[in-house]
Amino acid sequence: MIVIDKVTLEQGDFELNAVDFQLGKGEYGVLMGRSGCGKTTILEAVCGLRHVTSGRILLGDLEVTDLPPAERGVGYVPQDRALFPSMIVREQLAFALVLRKLPQDEISERINELAELLGIKDLLDRDPGKLSGGEAQRVALGRALAHRPSVLCLDEPLSALDEELHEEMCGLIERVHQETGVTILHVTHSPSEAKRLAGCHFLMVDGKVERMEG
Amino acid sequence: MSEKKATAFQVGSDKPFLIGLGVLGGSYLLIILLMLLADLVFLDYGDKPVVGPELVKHGKYVDENAEGVPIAVEPGRNYQFRKGENESGLKQDDRTITKNGLFEARSGKVVLIPSQKNKPITASLRPEVRITNISIEKDLVTLQTDAPHGLIWGTFIRVTGADQSGWNGVHEITDTSAQQLSFTLPPDSKPTNQLNLSIPNPLIQALRSEDIQFSIKLSLISCTLTTLFSLWVAVPIGYLMSRFEFRGKPFIDTLLDIPIVLPPLVIGLSLLILFRYAPDWLSERVVYQWPAVVLAQFMVACAFAVRTMRVTFDQIPQRFEQVALTLGCSRRQAFWKVIMPQAKGGLLAAGTLAWARALGEFGPILVFAGTTRQKTEVLPTSAYLELQAGRTEGMLAVSLIMIAAAALVFIVARTLGMKRIFA
């Protein structure tokens with residue numbers, strides 16, 4: 001569950017005032033809006049990467065407004081994916097688990113599970129620089145899911161993909177959603193993409209988020 | 001006409017632009033290469049003979065009718081001839097010698113041939129010094145020569161052609177007078193009756209000299225210390241300046257550039273004055289001691305390292321840290337696990353830059369650490385002291401050592417960098 005309660009954000013000249021919206025547990029939320037309207041800023045606030053001036057953010061039963069990003073239990077896939085250049089795919093997937101000091105066999109088990117789910121078994125020993133756009137997207141998803149977050153934040157996950165891959169990735173994200181039951185907040189500027197994806201749709205206009213029915 | 005002009009608009013040729021780029025860039029590269037090459041070529045790597053006093057009185061007038069300037073020489077003796085501005089060569093019997101260097105006199109006279117008559121002669125003709133007596137007493141060898149040899153104490157001499165072990169090789173001259181010089185041999189060396197002397201090239205002279213050995217050592221150690229300190233400071237400052245916004249940041253930014261903009265000499269002086277206010281126990285240990293060398297190098301080199309690290313961190317998107325934070329990193333963990341591995345190349349570049357900068361630092365060291373031999377003498381100081389003593393060749397030799405050191409560090413850094421890229 002994501003609750004954003006009268007959140008106010010400031011970032012230079014840009015300001016979002018008293019943003020309100022709610023997404024139920026296990027729901028797939030698509031947040032739409034024009035470029036530069038503040039969608040990504042909201043996503044970053046959920047992840048704890050932006051300081052909130054006032055208001056509250058709740059993830060599940062937990063108020064996370066003042067928690068560091070590490071303790072929020074979120075998975076974040078930025079628009080540029082930001083795969084760590086110094087690590088092979090396997091290390092990227094293991095990153096969150098190693099930080100949590102899980103035993104080695106549990107880590108490998110989880111990596112195999114993720115690789116199976118995302119179809120990246122053959123890529124585990126590759127350098128991130130040698131991945132195609134779709135492959136990199138899968139790895140970024142896997143990295144964000146590794147520590148079983150309650151909320152997955154996707155920032156324009158499909159924008160850099162060609163049409164064919166686009167369809168494939170939509171299918172994959174939906175499967176991930178079904179199999180893991182994670183709450184997903186998906187930000188996009190494209191209405192057609194939003195239409196393609198099931199779930200609750202939100203539209204952001206003039207700093208307000210409205211739930212779209214139907 | 002089947003082919004029509006595609007458009008009426010035509011763009012000018014790119015050639016002049018590209019050639020211009022090539023010529024401007026190329027000429028600079030050429031100067032760099034030629035400069036290095038000139039250093040390497042200029043140094044005389046061969047040994048020089050030990051020669052006596054000058055036989056040609058400079059400025060001597062040449063009789064218009066004479067063939068040249070006759071000089072009396074000793075038959076059978078070697079002479080060193082060096083052309084001046086007005087000589088085409090030197091004539092002995094029927095042979096004409098035009099090359100600089102040693103030749104053996106056949107008769108009692110040689111004639112210097114001027115290229116223009118009625119102009120002063122500026123050539124040089126000097127006899128090679130012969131050894132008249134070799135004595136050894138408690139491993140101390142004393143050689144008598146038949147002419148003043150002009151060698152000075154503390155320089156090195158090469159002995160060849162001796163028939164006893166321990167004699168041949170390079171020796172440091174421990175004592176001299178006009179026609180006598182001494183050096184020591186390993187214990188229990190047997191006397192020899194014959195030997196030849198020559199002066200080894202300036203590079204050997206420099207590498208053998210204890211002063212310069214000390215200065216090489218001090219340079220290598222101080223530069224390495226400076227580099228480590230610089231990186232230690234540059235990494236946090238660079239990261240801070242790259243990632244955080246705070247009040248007074250532009251002011252601090254300017255402050256960080258001061259050592260780059262300020263003349264290095266002024267930095268040395270400022271340090272010297274600053275340490276006048278320091279407690280005695282501290283300034284006694286720093287000023288005009290080796291720590292002053294490191295501090296002077298550090299003040300300048302660190303500024304360059306900071307710049308480099310700042311640019312390095314600026315080029316690493318903040319996104320990486322943000323993702324790492326959501327995955328469970330603290331800021332410290334994100335820095336060490338995600339950012340530093342990506343900053344390796346920049347770290348290497350900053351280190352190399354700081355090292356090279358420190359190696360060449362002279363002005364602030366001169367002012368703040370002094371130029372005491374065996375104490376605060378680094379390689380640039382050595383070069384300066386050689387120049388002061390009028391030994392251009394010695395200075396060049398020291399410069400070559402510096403070039404070699406810089407090249408070595410550069411190659412090592414590049415190789416490490418390459419590994420990182422190709423691994």
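The largest pocket is lined by 39 residues, and those nearest its centre are Lys48(B), Thr155(B), Ile199(B), Gln205(B) and Arg391(B). Keep in mind that this is a predicted model, where local features need pLDDT of at least 70, side-chain atom pairs count only at pLDDT 80 or more, and totals for chains, interfaces and linings use all residues. Residues are numbered from 1 along each chain as its sequence is written, chains are lettered from A in the order in which they are written, and side-chain values use heavy atoms, with hydrogens and water left out.

- Helices (H or I, at least four residues) and strands (E, at least two) are DSSP runs, numbered from the N terminus.
- Sorted by class, the lining has 14 nonpolar, 13 polar and 12 charged residues.

**Aromatic pairs**

- Rings of Phe, Tyr and Trp (its six-membered ring) pair if their centres lie within 6.5 Å; planes under 30 degrees apart are stacked, over 60 edge-to-face, and the rest tilted.
- That rule gives 12 aromatic pairs over all chains.
- Phe84(A) and Phe320(B) make a tilted pair, because their ring centres are 6.4 Å apart and their planes sit at 50 degrees.
- This pair crosses between chains: Phe84(A) is in the loop between strand E6 (74-77) and helix H2 (89-99) of chain A, while Phe320(B) belongs to helix H8 (residues 319-326) of chain B.
- Both Phe84(A) and Phe320(B) are buried, that is, under 20% relative accessible area with a 1.4 Å probe and protein chains only.
- Tyr239(B) and Phe313(B) pair edge-to-face, at 5.3 Å centre to centre with 75 degrees between the planes.
- Tyr239(B) in helix H3 and Phe313(B) in helix H7 (residues 290-314) are 74 residues apart, so to speak a link between distant parts of chain B.

**A charge over a ring**

- The charged end of Arg143(A) sits over the ring of Phe84(A), 4.5 Å from its centre; the rule asks for NZ of Lys or CZ of Arg within 6 Å of the ring centre and within 35 degrees of the ring normal.

**Helix H11 of chain B**

- Helix H11 (residues 379-388) is mostly covered, with 7 of its 10 residues buried.
- Among them are Leu379(B), Pro380(B) and Glu386(B).
- Just after H11(B), Gly390(B) has a positive phi of about 80 degrees.

How values were computed. 1 Å grid on protein atoms, 1.4 Å probe; cavity = no way out; pocket = protein on both sides within 12 Å on 5 of 7 lines; lining within 4 Å. Nonpolar A, V, L, I, M, F, W, Y, C, P; charged D, E, K, R; others polar. Buried < 20%, exposed > 50% of the residue type's maximum accessible area, 1.4 Å probe, protein only.
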